[in-house]
Amino acid sequence: MAITFTQPAAELRLFRTTFGNITAKTANYTITADESGTIFTNQAAAGSVFFTLPAQATGLWYLFANVELQNMTIVADTVDTIAAFNDVAADNVSYSTANEQCGGGFLVFSDATNWVVLPLAFDSQTQTVGT
């Protein structure tokens, strides 16, 4: 059975209750542990946005959605602590290939030792892993 809302605001409230806050950043931003569960976007960004993760701690998680044709980069606060596509000791991940940025995202969570990054992408999008 599908739940149907007649007001978009009600759907947004349900989404936020289920997944947390939705926050747009248009400039580089350092995330705090208190923001765990937040969905970050780069909506209205006129240029690249770098999100710096806090220190790893069990249970922290964030979702990132690139909603602009701008580069979006997720950076570890400590080098070599991101486990990403084909790299167990990355420093950052990004959507930075021209015309492939918008629509990509990352689910990021910590196991207290590393940040695990799961890409949310279309087949035609390139995820860049920096070391």
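Visitor: What makes the link between the side chains of Asn 42 and Asn 66 a polar contact?

Guide: The side chains of Asn 42 and Asn 66 lie 2.7 Å apart at the contact. A polar contact is a pair of N or O atoms within 3.5 Å; within protein, one must be able to donate a hydrogen and the other to accept it, and residues adjacent in sequence count only if both atoms are side-chain atoms. This is a predicted model, where local features need pLDDT of at least 70 and side-chain atom pairs pLDDT 80 or more, while totals for chains, interfaces and linings use all residues. Residues are numbered from 1 along each chain as its sequence is written, and side-chain values use heavy atoms, without hydrogens or water.

Visitor: Why is Asn 42 called buried?

Guide: Its relative accessibility is 0%. Buried means under 20% relative accessible area, exposed over 50%, partly exposed in between (1.4 Å probe, protein chains only). So Asn 42 counts as buried. Asn 42 sits in the loop between β3 (39–41) and β4 (49–52). The strands are DSSP runs (E, at least two residues; helices are H or I, at least four), numbered from the N terminus.

Visitor: Which residues does Asn 42 touch, leaving out those up to four places away in sequence?

Guide: Among them are Lys 25, Val 49, Ala 65 and Met 72. Contact means heavy atoms within 4.5 Å.

Visitor: Why is the ring pair of Phe 51 and Phe 64 called tilted?

Guide: The search of the whole structure finds 8 aromatic pairs. In this one, the ring centres are 5.2 Å apart and the planes stand at 55°. Rings of Phe, Tyr and Trp (its six-membered ring) pair if their centres lie within 6.5 Å; planes under 30 degrees apart count as stacked, over 60 as edge-to-face and the rest as tilted. So the Phe 51 and Phe 64 pair is tilted. Phe 51 lies in β4 and Phe 64 in β5 (residues 61–65), so the pair ties together parts 13 residues apart in sequence.

Visitor: What makes Tyr 62 and Trp 115 a tilted pair?

Guide: Their ring centres lie 6.0 Å apart and the planes at 50°, so this pair is tilted. Tyr 62 is in β5 and Trp 115 in β11, so the pair ties together parts 53 residues apart in sequence.

Visitor: How do you know that β7 and β11 pair?

Guide: Two strands pair if DSSP finds at least two bridges between them. β7 (residues 82–84) and β11 (residues 115–120) have 2 bridges, in the parallel sense. Ile 82 has Trp 115 as its bridge partner in β11.
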